[in-house]
Amino acid sequence: MERHDVIVVGGGLAGLRAAVEAKLRGADVAVVSLLYPMRSHSVAAQGGINAALGNADPSDSVERHAFDTIKGADYLADQDAVLEYCQDAIERVLELDRWGVPFSRFEDGRIAQRPFGGAGFPRTCYAADKTGHAVMHTVFQQALRLGVAFYNERAVLRLARDEDGVRGLVAMNLQTGELEAYEAKAVIMATGGAGRIYARTTNSHQSTGFGMALAYWVGAPLEDMEFVQFHPTTLYGTNILISEAARGEGGILLNAKGERFMERYAPEKMELAPRDIVARAIWTEVLEGRGFENEYVHLVISHLGADLIMERLPQIWELALKFAGVDARKEPIPVQPGQHYTMGGIETDKHGRARIKGLYAAGECACVSVHGANRLGGNSLLECVVFGARAGASAAEDVQRRGFDGKEAVERALEEVEGRIKVLLERGREEGHSNPYRIRRDMQQAMWEYVGIFRDEEGLRKGVETIRRLRKEYRESAGVPAPPGPFNQGLLDALIIEGMLDVALVVAEGALRRTESRGGHYRTDYPKRDDEKWLKHTLAFYTPEGPEFDYKPVVITRWQPTERKY
Amino acid sequence: MPGRVREGETVRFTVFRFDPKSDKVPYYLEYEVPYRKGMTVLDGLLYILQELDPTLAFRYSCRAKICGSCAMMINGVQRLACETQVADLGRRVKVEPLAHFRVLKDLVVDIEPFLRQMEAVMPYLYPKEDVREPRVSPKEFEKYKSPSDCIWCGACVSACPVAATDPLFLGPAALTQLYRFAVDSRERDDVKPLRLLVADSEGSGVWRCHQVYACAEVCPKHIRPGSLIAELKRMTLKARLTGRI
Ligand SMILES: Cc1cc2nc3c(=O)[nH]c(=O)nc-3n(C[C@H](O)[C@H](O)[C@H](O)COP(=O)(O)OP(=O)(O)OC[C@H]3O[C@@H](n4cnc5c(N)ncnc54)[C@H](O)[C@@H]3O)c2cc1C
Ligand code: SF4
Ligand code: FES
């Protein structure tokens with residue numbers, strides 16, 4: 001059994017930042033990660049990271065950043081947390097610069113900042129259009145420098161919990177195929193988003209939301225899971241992201257009739273209106289027959305000139321060329337909306353603590369909540385560093401007052417996982433078992449169709465029914481015909497799919513209950529925001545039969561909800 | 001010229017298989033994969049995994065050439081599976097693990113020795129303690145911009161004839177990172193000579209590079225490790241001549 005004061009699950013930006021903080025504060029910390037850290041999906045972030053540095057416009061301020069975030073969130077964000085988050089932002093970003101992030105620069109040598117959707121000022125710091133790669137590698141490097149311990153290619157499959165909270169975890173070492181037990185005084189979840197519960201997503205293949213299921217299974221509630229962000233511009237075909245930076249730099253959207261249709265949806269902000277608004281606008285154009293091939297619209301950047309494109313949007317240019325065969329210097333890029341970001345997640349306070357002792361969360365798998373019903377671009381890399389650092393600090397502090405003593409809980413968890421694996425492998429040897437990948441595909445399709453950009457009661461009911469039916473099928477007949485051993489991807493995926501189904505069900509049922517429209521959650525049968533009934537956070541608690549729901553108030557301090565217009 | 005492949009036709013994937021636990025020698029399996037427009041080699045491997053053979057092992061994550069997981073030999077060349085269009089290869093695709101890496105299973109190789117090489121050059125910046133808000137001239141930024149793009153995929157190391165035969169050589173990826181930090185003024189000045197000493201070390205450093213530039217041929221991020229190593233050679237010589245190291 002391995003033992004560490006603090007174990008961080010996940011080696012993405014949030015997990016690495018948490019580990020660095022705990023290490024700097026003297027804790028014994030290890031990262032247990034499914035992927036080698038540098039493979040984590042944070043590397044895919046393109047556009048940038050927000051902080052009110054005021055380098056582009058000195059009249060920007062922490063308060064304005066906070067206000068934009070809260071308004072963007074459609075007032076579902078906790079305002080106390082948002083204000084502290086925007087305050088921390090400045091130091092966290094300057095620290096990244098000191099650690100070596102290759103930020104793009106203004107002529108005077110300061111960090112360059114550019115405009116981004118939903119922001120009143122150019123406050124997005126960036127490293128060309130590879131900001132996530134730049135920032136995450138830098139934090140990974142610092143973790144190496146500080147001597148953080150890494151257990152890589154370990155898939156955490158269960159958290160171990162007893163009456164006194166979370167005590168450790170069980171992981172599969174992919175390189176040996178063996179299960180391993182870990183004891184810890186603090187476990188920080190940093191497992192990223194749940195994009196892969198949807199058929200069309202910008203997220204990586206490993207962004208499954210499984211980490212959320214792990215916390216949910218041991219009793220931590222998932223908060224606001226029905227709020228899913230659909231990015232307006234993903235490459236038609238692969239749904240690889242075409243960053244908002246393309247529009248920030250002046251790119252425009254045209255439908256098949258050549259109209260700049262954003263005029264009709266957000267006359268003032270146009271293409272730079274918040275993501276949910278632009279995504280719905282594009283999908284409306286497509287559904288009403290003004291798209292190309294009933295699937296996509298055009299994003300045009302050619303008028304920006306080849307020089308600007310190659311300097312500031314080189315990756316977008318290359319992605320469009322490699323994955324869609326389009327030279328964006330001359331031709332329009334075919335784009336359609338796709339799932340992009342999971343606003344909800346494991347409920348935490350503003351210091352990264354979950355409801356259960358010994359459990360913490362940060363990054364996309366957590367819900368503080370600073371993004372409320374809709375996250376602004378550039379705010380989630382920031383969330384990873386701000387709340388990663390906070391969770392790391394909280395854990396380092398708390399472990400001083402907690403012992404190990406988790407052996408029994410860990411052993412119980414181990415037995416449970418062994419049991420599941422045995423069943424999957426036994427069934428795999430029988431004729432007529434269900435292929436977990438097929439179950440996953442059906443789930444992804446149902447989520448896209450019924451719990452997608454536009455929702456209504458009828459569709460949501462179908463969605464819930466479908467997911468429940470697939471869960472049942474999974475429990476009764478999923479099997480894996482692959483012998484145990486190293487890199488048993490089929491087995492690992494089957495175990496993960498169980499968690500994905502539970503997370504998907506929380507999203508679908510939460511969406512069915514919420515009879516209003518707010519941010520990323522858009523109900524055609526309830527098109528208006530309803531503050532009287534729904535200015536509250538959703539909490540979903542695990543039971544074997546399905547989620548149980550509760551609600552809690554939103555923290556409102558300075559900014560009273562008003563209608564969101566752009 | 002590869003034969004043209006069309007929607008609905010099948011492509012034959014010849015896949016290297018090896019499980020050191022049970023197999024004495026590696027072997028190849030063939031799979032027929034239905035072609036779809038835009039299909040990448042990674043898409044083909046995923047099809048095999050999900051529909052034909054859940055025992056196939058390979059690494060992948062982002063599917064957008066940014067995480068560095070999926071470097072492998074594709075029709076004999078180091079490439080990222082996720083950015084390689086099947087249509088550019090024709091009807092036959094042969095996939096094998098990265099050359100000169102130890103195979104853990106099928107297409108998965110042991111990258112630990114590669115990581116040790118990276119760590120040996122201290123691929124991290126030692127921050128200055130007295131500067132709160134560094135300034136960086138656009139000129140300096142240009143120097144470390146390209147090497148900062150490295151995704152640690154290992155393709156260059158696999159292609160390098162020196163690295164293939166000499167386990168002591170730090171290799172193109174690590175030396176590229178060494179250069180990247182050596183030219184960054186945000187780092188403490190007292191670390192710089194140490195970096196150049198590592199570059200200069202006889203059995204493992206820049207002088208082992210014969211400037212074959214095989215690295216630059218295969219780097220998916222268009223970094224030119226060989227050229228940066230040449231620059232490091234100049235920096236090292238200069239430091240020696242001026243007595244800095
Ligand atoms: C294409 C794209 C572009 C984006 N652009 C921007 C942008 O410009 N600005 C911005 O602010 N945000 C952006 N975002 C959002 C932002 O990148 C993510 O929200 C953020 O990087 C998530 O980081 P994370 O550390 O929470 O998770 P990740 O980086 O996804 O890391 C998750 C980690 O958890 C590990 N893990 C998962 N499950 C397990 C398990 N069971 N056991 C062990 N380990 C596990 C994985 O191996 C991985 O290391 C973008 C997102 C995408 C998809
Ligand atoms: S230099 Fe290029 S080929 Fe070498 S590891 Fe980095 S990205 Fe890969
Ligand atoms: S899957 Fe990430 S680089 Fe290919």
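A charge is taken to sit over a ring if NZ of Lys or CZ of Arg is within 6 Å of the ring centre and within 35 degrees of the ring normal. In this predicted model, the charged end of Lys185(A) meets that description over the ring of Phe404(A), 5.0 Å from its centre. The points below treat the ligand surroundings, the aromatic side chains and the cysteines.

**Ligand 1**

- Ligand 1 is surrounded by 38 residues, and the closest are Ser40(A), Ser42(A), Glu364(A), Ser380(A) and Leu381(A).
- Leu381(A) also places a polar backbone atom 2.7 Å from an oxygen atom of ligand 1.
- A polar backbone atom of Gly48(A) is 2.8 Å from a nitrogen atom of ligand 1, and a backbone N or O atom of Gln46(A) lies 3.3 Å from a nitrogen atom of the ligand.
- The protein buries 96% of the 1,000 Å² that ligand 1 exposes when taken alone.

**Ligand 2**

- The shell around ligand 2 is made up of Cys150(B), Ile151(B), Trp152(B), Cys153(B), Gly154(B), Ala155(B), Cys156(B), Ala173(B), Cys219(B) and Pro220(B).
- By residue class, this shell holds nine nonpolar residues, one polar residue and no charged residue.

**Aromatic side chains**

- Over all chains, the structure holds 19 aromatic pairs.
- In the pair formed by Tyr124(B) and Tyr126(B), the ring centres are 5.8 Å apart and the planes stand at 75°, so the arrangement is edge-to-face; the cut-off for that class is over 60 degrees.
- Tyr124(B) counts as buried because its relative accessibility is 11%, and the limit for a buried residue is under 20%.
- One aromatic cluster in chain A is formed by Tyr198(A), Phe230(A), Trp283(A) and Trp448(A).
- Lys536(A) lies over the face of Trp534(A), at 4.9 Å from the ring centre.

**Cysteines**

- A disulfide is a covalent bond between the sulfur atoms of two cysteines.
- A search of the whole structure finds zero disulfides over all chains.
- Cys125(A) takes part in no disulfide, and the nearest cysteine sulfur, that of Cys86(A), is 13 Å away.
- With a relative accessible area of 0%, Cys125(A) is buried.
- For Cys160(B), the closest cysteine sulfur belongs to Cys215(B) and is 6.7 Å away, which is too far for a bond, the cut-off being 2.5 Å.
- Cys160(B) is likewise buried, with a relative accessible area of 11%.

Conventions: Residues are numbered from 1 along each chain as its sequence is written. Chains are lettered from A and ligands numbered from 1 in the order in which they are written. This is a predicted model: local features need pLDDT of at least 70, side-chain atom pairs count only at pLDDT 80 or more; totals for chains, interfaces and linings use all residues. Side-chain values use heavy atoms; hydrogens and water are left out. A residue is near a molecule or strand if one of its heavy atoms lies within 4 Å of it. Ala, Val, Leu, Ile, Met, Phe, Trp, Tyr, Cys and Pro count as nonpolar, Asp, Glu, Lys and Arg as charged, and the others, Gly among them, as polar. Rings of Phe, Tyr and Trp (its six-membered ring) pair if their centres lie within 6.5 Å; planes under 30 degrees apart count as stacked, over 60 as edge-to-face and the rest as tilted. Buried means under 20% relative accessible area, exposed over 50%, partly exposed in between (1.4 Å probe, protein chains only). A polar contact is a pair of N or O atoms within 3.5 Å; within protein, one must be able to donate a hydrogen and the other to accept it, and residues adjacent in sequence count only if both atoms are side-chain atoms. Accessible areas come from the Shrake-Rupley method with a 1.4 Å probe; for residues, only the protein chains shown count as cover.
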